[in-house]
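Thanks, everyone, for making the time; I would like to walk through one model this morning and keep to what the coordinates themselves give us. Please have the sequence and the structure open while I talk.

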Amino acid sequence: GGGPFGGNTKDGATVVEEKAETADRTTYPAMTQEEVEEWLGHIPVFAVTDSNGAGVVLKPDNETSVFYFFMSPMMANATLQTL
């Protein structure tokens, strides 16, 4: 396990952080996907979807297609109102 706050192994044992000191900063090993999901799981994320629940892909110009995620429901609703 990794990340700045440590982690647990699959059997529940606590992982001791291994960190590398450099001249400017301290670095830590990468977090696993499970650790990232656990840390970000409490953060609400919003998107604009159609009536079937599929994400609405926006085309800000002729060359790109973008699916936006929003950190607030107000911003998602404002985007929906412009469609």
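Let me begin with Phe 67, which is partly exposed in this predicted model, at a relative accessible area of 31%, and then turn to Phe 69, which counts as exposed because its relative accessibility is 57%, over the 50% cut-off. A search of the whole structure finds two aromatic pairs. In one of them, the ring centres of Phe 67 and Phe 69 are 4.9 Å apart with the planes at 80°, so this pair is edge-to-face, the angle being over 60 degrees.

Both of these phenylalanines also belong to a nonpolar patch on the surface, whose other members are Val 36, Trp 39, Leu 40, Ile 43, Val 45, Val 57 and Met 71. Taken together, the residues of this patch have about 840 Å² of accessible area. Val 36 sits in helix 1 and, at 34% relative accessibility, it counts as partly exposed, because that value falls between the 20% and 50% limits.

Across the 83 residues of the chain, the buried ones make up 14%.

Stepping back to the overall arrangement, the chain has two helices and four strands, and, read from the N terminus, the order of the elements is β-β-β-β-α-α. Among contacts between residues at least 6 apart in sequence, 37% join residues that are at least 24 apart.

Finally, a word on confidence, where the mean pLDDT of the chain is 81 and 73% of the residues reach 70 or more. Confidence is highest in helix 1, residues 33-40, at a mean of 93, and lowest in strand 1, residues 7-8, at 54. Where pLDDT is low, the predicted coordinates should not be read in detail.

Conventions: Residues are numbered from 1 along each chain as its sequence is written. This is a predicted model: local features need pLDDT of at least 70, side-chain atom pairs count only at pLDDT 80 or more; totals for chains, interfaces and linings use all residues. Side-chain values use heavy atoms; hydrogens and water are left out. pLDDT is the predictor's confidence in each residue, from 0 to 100. Patches are made of residues with over 30% relative accessible area and no salt bridge: like charges are joined within 9 Å, nonpolar side chains (Val, Leu, Ile, Met, Phe, Trp, Tyr) within 5 Å. Accessible areas come from the Shrake-Rupley method with a 1.4 Å probe; for residues, only the protein chains shown count as cover. A salt bridge is a side-chain nitrogen of Lys or Arg within 4 Å of a carboxyl oxygen of Asp or Glu. Buried means under 20% relative accessible area, exposed over 50%, partly exposed in between (1.4 Å probe, protein chains only). Contact means heavy atoms within 4.5 Å. Rings of Phe, Tyr and Trp (its six-membered ring) pair if their centres lie within 6.5 Å; planes under 30 degrees apart count as stacked, over 60 as edge-to-face and the rest as tilted.
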